[in-house]
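Dear colleague,

I am passing a structure on to you with this email, and my notes on it come after the entry itself. Please read them with the coordinates open.

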2 protein chains.
Amino acid sequence: MARPRLTEAQSPRGDMLRAATRLLRQGGLTAAGMNRIVAESGAPKGSIYHFFPDGKTQIAREALSGYGDRAIARMRERLESRKGDPAAVVRGYFELGAEAALESDYAMSCPAGAVTLDLDPESDALRDSCHAVFDGIVAALADLLTPLPPAKRRALAGAMVSAMQGAYIRARAARDPEPFREAGVLLAAAIRLPHARKGKPR
Amino acid sequence: MARPRLTEAQSPRGDMLRAATRLLRQGGLTAAGMNRIVAESGAPKGSIYHFFPDGKTQIAREALSGYGDRAIARMRERLESRKGDPAAVVRGYFELGAEAALESDYAMSCPAGAVTLDLDPESDALRDSCHAVFDGIVAALADLLTPLPPAKRRALAGAMVSAMQGAYIRARAARDPEPFREAGVLLAAAIRLPHARKGKPR
């Protein structure tokens, strides 16, 4: 009888990706060295180059893209029901950030942010991966910001993603979730502007 | 005759601090190793522990605090004349960010942001230094945001600093200054809100 095929969730490959993501979220590229990924994943030493023949760049790329997909899925799951009320979507988005920061006791943030701030000429291949994470989140957020007109949605979504990255930083430095709340209140208030007058009355 | 005393600007100590700041801005804590600081500063090897007996933590602390002071001075110099017109202060603040990002061809950002995302239990002593940089900038910005009421000034300044940190990240990932412009436009627009009605007519 054939052994059941391991899904990514149970495989050593999946364990390595999860360890890489955790380390990237904690300390960016330099925290996610190959030896440390292997050690933290509990996978057999040497297997990492079997699963990721292109080494650190490959594992970081896959970890970033997987993180982006999961962040978008989580956002949609939590914010879809607020669609039509952009101020509520804005506040909800920053609540998600505060939860994620508290969950790790301020030890982790977005891996794309941490990696971007580590980019140097040797790691420049990862720039596109980081950009793709941000772009994907901006697009998914913009979708949720109806009934604002498309250009306003995109601009607001972009500012929200910037403010979120910065809130992760300031909250981590202060060990305080206030920057998330602050950004949520301010950007939600910015919606009650001329361009939002066509939206539902608030 | 006594030799003239070297000022920090001309001293090997100053060279090391400048090299450390540059490296922290490029890649955070891990980019700013002691050997690399010495190499980039051109200072004699071995002299770094003479000037910074507490090693990397000491040099990073001093580099962060010096950077914060200079950032505040630069902000005041450029934005003081806009005092009384908070929307112009907001836009000017993000223009400064875009200039700094372009100046280094997107290779550098705020060292406090990069260090915060590298913090781990071993480097936790630097958390306060990062927090102090952000706090100092928030307070200086809040001062510039008259005639908004003090609580609003502080909240807006906090959101501005978060959005700036995130704009540095997104601009670096995209090699595009748009996130600065986007944040400036959106946060400036947020000022035309009930709490700003007492300000000058726009």
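Predicted model: local features only at pLDDT ≥ 70, side-chain atom pairs only at ≥ 80, totals over all residues.

Chain B can be laid on chain A with an RMSD of 0.0 Å by a turn of 180° and a shift of 0.0 Å along the axis, which is the relation of a two-fold axis. Of the interface residues of chain B, 100% are also interface residues in chain A, so the copies meet through the same surface.

In chain B, helix H2 (residues 34–41) has as its buried residues B:Met34, B:Ile37, B:Val38 and B:Ser41; they cover an arc of only 95° around the axis, which puts them on the same side of H2(B). On the other side of H2(B), B:Asn35 and B:Ala39 are exposed. The cover over the buried residues of H2(B) includes helix H1 (12–31), helix H3 (47–51) and helix H4 (55–79) of chain B, and H2(B) is followed by B:Gly42, which has a positive phi near 75°.

Residues of both chains line the largest cavity, namely A:Ala159, A:Ala163, A:Ala183, A:Leu186, A:Leu187, B:Ala159, B:Ala163 and B:Leu187. By class, this lining has eight nonpolar, no polar and no charged residues, and its largest share, three residues, comes from H9(A).

With best regards

Terms used. Residues numbered from 1 in each chain as written. Chains lettered and ligands numbered in written order. Heavy atoms only, no water. Least-squares fit on C-alpha atoms with pLDDT ≥ 70 in both. Contact = heavy atoms within 4.5 Å. Buried < 20%, exposed > 50% of the residue type's maximum accessible area, 1.4 Å probe, protein only. Helix = DSSP H or I, 4+ residues; strand = E, 2+ residues; numbered from the N terminus. Arc of directions from axis to C-beta. 1 Å grid on protein atoms, 1.4 Å probe; cavity = no way out; pocket = protein on both sides within 12 Å on 5 of 7 lines; lining within 4 Å. Nonpolar A, V, L, I, M, F, W, Y, C, P; charged D, E, K, R; others polar.
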